[in-house]
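Here are a few notes from my look at this one. Have the model open while you read.

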Amino acid sequence: MSLDVPLQIHRQKEGVAPHRDLFRVSVADSATVLDAIEAAWAWHDGTIQFRHACHHASCGSCAVRVNGIERLPCVTAITDVWDGASDVVVEPLRNFPVAADLVVDVSTLFDRLEASEMSPLRPVEHALPVEIGERPRTDDGTMVAPAGIERFMRFESCIECGICISACPTAALGGKFYGPAGLAAVQRARAEATAATEVDAILGSVDGEHGVWRCHSAWECTERCPQGLDPAGAIMSLRRELTARRLRRLFRR
Amino acid sequence: MIETRERASRHSWTWFVQAFTGVMLLILLSLHMIAQHFIVEGGLREYADIVDYLRNPVILVLEGLFLVTVAIHALLGVRAVIFDFGLSERSERRVSLSLLWLGIATVAYGAWIIWLVAV
Amino acid sequence: MKTMETRTPERPPPPRRLASGLDPRRRGAGSWAFVLSRITGLGLVVYLYVHLGVLSLLARGPESWDSFIDVVRSKPFLALDVVVIAGWLVHALNGIRVTLANFSFGARVQKAMFSVAMVVAAVLLVIMSVLIFEGS
């Protein structure tokens, strides 16, 4: 069964004032919001610019706001956001400069994730403490995982979609707040760090005016994260650790 | 922040001061409000009542503490709102300094009033 | 830790549409909490300085002060006092939530804590208003 959905899409291009265009798209009733956007692009206006890649919530490219709320449109059913009558409004993420239409410049997000030096990938030769040929096996030939393998089996859930930053009211004020994505990445880097100097450097880097202390505990980042991560909790965890270190230093004197 | 390694060790203590003064104000402001609104006949104190009130040394200390605490919390709060918008390092320092002077002036003024009435 | 100087050139700053950033209407409880704390905080700072200014009447002696007190004991002014108290209660109770948030009990608990804080604020406000107007 197909649906005729009225879709308002934010339009913004060089030399054109930001506005919304209304498209009436025909999609299957099982369609996602991304399907609707693609239908608008394919059948109505080929100049609509939007990001999309994996279509299954693992690349984080397509993040937008639907009816004012941050979502991944590739896994959001159109029937979840459409009441059957009003327009479905699709806008780009907040708190990033708009490049064109629904595409935003997410360079600051990636710069901060990279600066945290939190590594989502581990080189194979550093991953396993034993040589491949020497991996122990049980009697029936099954390989036994080496000790400590859990440390290297932790997969990185953050898909770098930028939704947390869009949701953050502090980031919305346009200041220098480091942001939930970056701070959560720093917390993950800290969890991996072992050397004291490394830990000091990591924690010190977010102890400033615009690091963990600028968060105003709105918790919107955690609320909207499509991967169920808890950036707010990560920020609080960093704060607790910084506080504990400060108290210890105070009493050591 | 992460952009400049040299300042990586700069610690921000203002959040702690805000939280601490906030907790203090829960007590001090409640006491102030009870003392000013609910104890005296008619609710608010007339001049003579205020003189009696402030001549009590415990009250003097509490009201003085309240004055300092509220000035700190209020002005750090204003600073937080301003800093949220993102200023240059130099502007941030100027804002902090201005608010510090304003805080000192506020407490000095309040102390003067107390001295005028109680002494 | 990497520094960022060698990376990419000047970026455009993020859009600073104040209204959209601070508009909590379609957003979650957390945005409401943030905006309410800001508005009540700034309101209370304004009140603080008005209050301190008014106290200068004390410097002019008992007559000035007592005639002023007669004015502010009237019901309209007491009503204004209630508004200030409402602002204080919202600000203080949300402030308690923000401080407790450091122990990060999770998003659902945060929203619950905000609701509880506002309910407590409303209850206390009613009690205090009654006491204030009763005593007047």
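1. A:Arg246 sits in helix α10 and A:Asp207 in the loop between α8 and α9 (220–224) of chain A, so the pair ties together parts 39 residues apart in sequence. Helices (H or I, at least four residues) and strands (E, at least two) are DSSP runs, numbered from the N terminus.

2. A caveat: this is a predicted model, where local features need pLDDT of at least 70 and side-chain atom pairs pLDDT 80 or more, while totals for chains, interfaces and linings use all residues. Residues are numbered from 1 along each chain as written, chains are lettered from A and ligands numbered from 1 in written order, and side-chain values use heavy atoms, without hydrogens or water.

3. Helix α10 (residues 231–252) of chain A also holds A:Arg245, whose partner A:Asp200 lies in helix α8 (residues 196–205). A:Asp200 is partly exposed at 41%, whereas A:Arg245 is buried at 19%.

4. A:Arg11 and A:Asp45 form another salt bridge, at 2.8 Å. Shared partners join A:Arg11, A:Lys13, A:Asp21, A:Asp45 and A:Asp101 into one network.

5. Over in chain B, helix α2 (residues 47–55) has buried residues including B:Tyr47 and B:Leu54. The face turned away from the buried side carries exposed B:Ala48, B:Asp52 and B:Arg55.

Terms used:
Buried < 20%, exposed > 50% of the residue type's maximum accessible area, 1.4 Å probe, protein only. Salt bridge = Lys/Arg side-chain N within 4 Å of Asp/Glu carboxyl O.
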